[in-house]
Amino acid sequence: MRFTPQIRAIPWLVARPIAHRGLHDREKGIVENSESAFAAAMAQDYAIECDLQVTACGEVVVFHDDTLDRVMEARGAVRAHDIRALKRMSFKAGKDRIQTLGELLEQVEARVPLVVELKTHWDGDAALVTRALKVLSVYKGPHGVMSFDPEQIEAVAALSPNTVRGIVADRVTHTDYRRLPFAARLELRSLSHRSRTLPDFVSYFHRDLPSAPVARLRGEGLPVITWTIRSQGEASAALRYCDQITFEGFLP
């Protein structure tokens with residue numbers, strides 16, 4: 001283990017590489033964030049990273065995008081549909097159906113660690129956080145939640161202080177950040193929200209490493225994982241500055 005556990009050691013987080021959205025392979029009909037992708041990751045004893053969105057009925061589903069268009073035979077916003085409608089939809093590949101968070105937990109049954117990203121619309125809505133924490137409250141396996149949005153992680157800290165929580169971050173150069181006020185973007189870039197989010201770990205974009213704020217937190221004892229590694233060369237470079245990788249497209 002590369003970090004000094006001065007704050008809070010999380011051995012399960014850095015023990016094994018983390019399969020990004022499960023061990024997916026479209027050519028084999030294994031879609032990201034699907035039951036098949038998670039089964040493939042568990043078969044090789046990888047930790048699992050996945051994403052959560054909230055539905056129109058307040059249920060939490062395992063899905064990355066805000067909209068269905070990219071991976072589903074359907075269109076529109078995920079949160080515009082209830083769980084019954086989403087369950088009737090097909091992925092563009094494979095035979096899986098969208099899972100709820102509860103179904104994912106039943107599938108994994110604590111066999112490998114889970115690193116769960118709470119997706120955000122940057123609108124202050126706490127429905128996803130509240131429901132996800134309720135479902136996770138009875139789960140005994142190693143798991144943590146994370147988000148790009150400090151408000152989401154601040155809510156986790158307030159509602160469930162013992163839940164392992166992390167901040168997902170980068171240098172804030174993507175066009176998606178333009179919707180945010182300058183002060184908010186500066187806070188994200190510097191990680192200066194730490195005093196209120198109280199993260200236990202950082203998940204950082206590998207191409208933006210090294211990073212002075214990340215190095216400072218790592219030096220204080222916070223483990224750092226990185227995303228999304230797509231080759232052994234990228235892994236070797238990233239591991240100079242982090243404690244574990246989140247990967248896809250190859251087997252580390």
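Modeller: A crossing is left-handed if the near helix is turned anticlockwise from the far one by less than a right angle, and right-handed if it is turned clockwise. In this predicted model, local features need pLDDT of at least 70 and side-chain atom pairs count only at pLDDT 80 or more, while totals for chains, interfaces and linings use all residues. Residues are numbered from 1 along each chain as its sequence is written, and side-chain values use heavy atoms, with hydrogens and water left out.

Colleague: Which hand does the crossing of α4 and α5 have, and what makes these two helices roughly parallel?

Modeller: α4 passes α5 in a right-handed crossing. The axes of α4 and α5 (residues 127-136) come within 10 Å and cross at roughly 30 degrees, where axes are lines fitted to C-alpha atoms, for helices over the stretch in contact, and angles run from 0 to 180 degrees between N-to-C directions. Angles under 35 degrees count as roughly parallel, over 145 as roughly antiparallel, 65 to 115 as roughly perpendicular and the rest as oblique, and α4 and α5 are therefore roughly parallel to each other.

Colleague: Why is α2 called roughly parallel to α4?

Modeller: The axes of α2 (residues 35-43) and α4 (residues 101-108) cross at roughly 30 degrees and come within 11 Å, which makes α2 roughly parallel to α4. The crossing of α2 and α4 is right-handed.

Colleague: How do you know that β9 pairs with β8, and what is the hand of the crossover between them?

Modeller: Strands pair if DSSP finds at least two bridges between them; three bridges join β8 (residues 224-229) to β9, and the two strands run parallel. I229 stands opposite F247 in β9. From β8 the chain crosses through helix α10 (residues 232-238) to β9, and this β-α-β crossover is right-handed, meaning that, with the strands pointing away from the viewer, the path from the first strand over the helix to the second runs clockwise. β1 (residues 18-20) also pairs with β9 in the parallel sense, over two bridges, and F247 is the bridge partner of A19.

Colleague: How do you know that C50 is in no disulfide, and why is C50 called buried?

Modeller: A disulfide is a pair of cysteine sulfur atoms within 2.5 Å, and the nearest cysteine sulfur to that of C50, belonging to C57, is 18 Å away. A search of the whole structure finds zero disulfides. Buried means under 20% relative accessible area, exposed over 50%, and partly exposed in between (1.4 Å probe, protein chains only), so C50, at 0% relative accessibility, counts as buried.

Methods
Helices (H or I, at least four residues) and strands (E, at least two) are DSSP runs, numbered from the N terminus.
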